[in-house]
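Could you walk me through this structure, one selection at a time? I have it open in my viewer and would like to know what to click on next.

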Amino acid sequence: MDENLLQVREYTDEGYRPLIDFNDWRVAILNYIDEIHPHNNTQMERHVQTDEVFVLVRGRAILLVGGNGLQLDGAFPQPLEMGKIYNVKQNTWHTVLMSRDAMILIVENRDTGALNSEYAEMSPEIRQQILKLAEIEGLDK
């Protein structure tokens with residue numbers, strides 16, 4: 001097919017990869033990666049100039065939301081249901097727990113990155129909460 005008419009993209013390796021950019025937005029895929037395994041995931045992020053949309057395509061995932069203040073307010077779990085759209089609002093702290101077979105489609109501003117995002121280390125209490133949740137949900141394997 002002529003790419004001027006239709007672009008077809010896929011990503012099956014580990015981690016995050018932008019696949020389609022257009023004007024101010026992009027579509028990316030996030031596949032499981034060891035850095036976000038519950039034992040390795042120590043921080044949340046927030047984007048100061050954009051919302052971020054998550055759509056679970058495969059596997060299981062839990063979105064963790066930490067409020068929108070200057071500090072993390074906790075880790076409030078939102079299990080993702082396949083095909084539903086979850087819009088993390090601008091300035092909201094978040095991270096995700098994923099099964100090893102999970103794939104999440106992400107839509108965000110094209111320039112979303114370290115220059116317009118903030119990162120916060122999770123407290124030991126929040127980390128314990130996440131590890132317990134991951135164990136209960138079987139996402140710690």
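This is a predicted model: local features need pLDDT of at least 70, side-chain atom pairs count only at pLDDT 80 or more; totals for chains, interfaces and linings use all residues.

Now widen the selection to β1 (15–22) and β2 (residues 25–31). These two strands pair in the antiparallel sense over seven bridges. Another of the pairs to pick out is F22 with W25, its bridge partner in β2.

**The turn of the hairpin**

Next, click on N23, in the loop between β1 and β2. The hairpin of these strands has two residues between them, and N23 takes a positive phi near 45° there. That is a positive value in a residue other than glycine. Is N23 buried or exposed? With a relative accessible area of 52%, N23 is exposed, because a value over 50% counts as exposed.

**Along β2**

Six of its seven residues are buried, so the strand is largely enclosed by the rest of the structure.

Go to N31, which lies in this strand. N31 has a relative accessible area of 4% and is therefore buried, the cut-off for buried being under 20%. What is N31 in contact with, once its neighbours within four places in sequence are left aside? Show Y11, T12, D13, E14 and G15, then R58, and then M98, A102 and M103: these are the contacts of N31.

**Across to β9**

From β2, move to strand β9 (residues 103–109), which pairs with β2 in the antiparallel sense over seven bridges.

**The whole sheet**

Zoom out and colour the strands β1, β2, β9, β4 and β7. In which order do the five strands form the sheet? The order is β1-β2-β9-β4-β7, in an open sheet with antiparallel pairing. β1 and β7 (85–88) stand at the edges with a single partner strand each, so one side of each has no neighbour in the sheet. On average, neighbouring strands of this sheet are turned by 25° against each other, direction ignored.

Select β4 (residues 52–58) together with β7; the two pair in the antiparallel sense over four bridges. Here you can find F54 standing opposite Y86 in β7.

Stay on β7 and look at its two faces. Y86 and V88 make up the covered face, while I85 and N87 make up the uncovered one.

A further stop is N91, in the loop between β7 and β8 (94–98). N91 has a positive phi of about 75° although it is not a glycine. At 26% relative accessibility, N91 counts as partly exposed, because that class takes in values between the cut-offs of 20% and 50%.

**A patch on the surface**

For the last stop, show M1, L5, L6 and V8 as a surface. Together they make a nonpolar surface patch of about 500 Å². Click on L5 in this group: its place is in the segment before β1. L5 has a relative accessible area of 66% and is therefore exposed.

Terms used
Residues are numbered from 1 along each chain as its sequence is written. Side-chain values use heavy atoms; hydrogens and water are left out. Buried means under 20% relative accessible area, exposed over 50%, partly exposed in between (1.4 Å probe, protein chains only). Contact means heavy atoms within 4.5 Å. Patches are made of residues with over 30% relative accessible area and no salt bridge: like charges are joined within 9 Å, nonpolar side chains (Val, Leu, Ile, Met, Phe, Trp, Tyr) within 5 Å. Accessible areas come from the Shrake-Rupley method with a 1.4 Å probe; for residues, only the protein chains shown count as cover. A salt bridge is a side-chain nitrogen of Lys or Arg within 4 Å of a carboxyl oxygen of Asp or Glu. Two strands pair if DSSP finds at least two bridges between them. Axes are lines fitted to C-alpha atoms, for helices over the stretch in contact, and angles run from 0 to 180 degrees between N-to-C directions.
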